[in-house]
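Hi,

Here is the structure I promised to pass on to you. Have a look at it first, and then read on for my notes on what turned up.

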Amino acid sequence: MIAMDACHTKNKKYPTLLFLATAVDGNNNILVLAYGIAPVEDRETWSWFVGNLKHAIHGLATPNVLIVSDRQKGLVDAVADELPNNEHVHCTFHLRMNLKRHFGAQVFEDALKGLEERFANGKEAV
């Protein structure tokens with residue numbers, strides 16, 4: 001499993017983004033596989049990053065490597081273009097924040113509590 005994301009740097013003179021690809025090692029530590037710095041987060045930049053990552057890591061472009069990311073359109077498209085055989089899922093943290101933002105914290109917490117109760121009772125969530 002490889003997680004990919006980007007964040008804005010705090011450099012006001014040269015505003016840039018830091019691109020990261022990370023994994024978890026056998027000791028449950030976060031391992032930075034690759035990083036890049038670019039001026040924008042778009043499909044072209046993500047394609048550059050993912051393409052270089054694919055070139056650097058032998059075996060990355062195989063169905064047994066799961067890619068996890070937020071739903072940034074450029075990243076979703078770049079993974080589909082560069083790693084078409086890989087499963088690509090969205091980070092639950094980002095999904096949770098989107099649900100809270102769109103439906104309100106209380107509605108989200110009530111739904112989450114219902115799911116937790118179903119799992120605690122041995123029932124599958126729908």
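One definition before the rest: contact here means heavy atoms within 4.5 Å. Please also keep in mind that this is a predicted model.

**The overall picture**

The protein chain has 4 helices and 5 strands, and along the sequence they run β-β-β-α-β-α-β-α-α. Of its 126 residues, 29% are buried. The chain exposes about 8800 Å², with carbon and sulfur atoms supplying 57% of that area. Among contacts with a separation of 6 or more, 35% are between residues 24 or more positions apart.

In soluble globular proteins, nonpolar side chains tend to be buried together. Here the largest nonpolar core has 19 residues, and Met4, Trp46 and Ile67 have the most contacts inside it. Strand 1, strand 2 (17-24), strand 3 (30-38), helix 1 and helix 2 each give two or more residues to this core. Helix 1 provides the largest share, 4 residues.

Which residues does tryptophan 46 touch, leaving aside its neighbours within four places in sequence? The list is Met4, Asp5, Ala6, Phe19, Glu41, Gln72, Gly74, Leu75 and Ala78.

**Helix 2 and its surroundings**

Helix 2 covers residues 73-82, and its buried residues are Gly74, Leu75, Asp77, Ala78, Val79 and Glu82. An α-helix has 3.6 residues a turn, so residues three or four places apart point the same way. The buried residues of helix 2 pack against strand 1 (2-8), helix 1 (43-56), strand 4 (67-69) and strand 5 (88-90).

From the helix 1 side, arginine 43 touches Gly74, Asp77, Ala78 and Asp81, not counting residues up to four places away in sequence. The C-alpha atoms of arginine 43 and alanine 78 are separated by 5.8 Å, although the two residues are 35 residues apart along the chain. Arginine 43 counts as partly exposed because its relative accessible area is 41%, between the cut-offs of 20% and 50%.

The N-terminal end of helix 2 is capped by glutamine 72, which has a side-chain oxygen 2.8 Å from the backbone nitrogen of glycine 74. Aspartate 70, in the loop between strand 4 and helix 2, has a side chain that reaches the backbone nitrogen of glutamine 72 at 3.2 Å. Why is aspartate 70 classed as buried? Its relative accessible area is 13%, and buried means under 20%.

Serine 69 is in strand 4 and is buried, at 2% relative accessibility. Its side chain makes a polar contact with the side chain of histidine 88, at 2.6 Å. Beyond residues up to four places away in sequence, serine 69 touches Met4, Leu75, His88, Val89, His90 and Cys91. Two of these names have come up already: Met4 is among the core residues with the most contacts, and Leu75 is one of the buried residues of helix 2.

Val32, Tyr35 and Ile37 make a nonpolar surface patch of about 350 Å².

Notes. Residues numbered from 1 in each chain as written. Predicted model: local features only at pLDDT ≥ 70, side-chain atom pairs only at ≥ 80, totals over all residues. Heavy atoms only, no water. Buried < 20%, exposed > 50% of the residue type's maximum accessible area, 1.4 Å probe, protein only. Polar contact = N/O pair within 3.5 Å; in protein donor to acceptor, adjacent residues only side chain to side chain. Areas by Shrake-Rupley, 256 points an atom, 1.4 Å probe, with all protein chains shown as cover. Core = buried A, V, L, I, M, F, W, Y, C linked by side-chain atoms within 4.5 Å. Patch = residues over 30% accessible without salt bridge, like charges linked within 9 Å, V, L, I, M, F, W, Y side chains within 5 Å. Salt bridge = Lys/Arg side-chain N within 4 Å of Asp/Glu carboxyl O.
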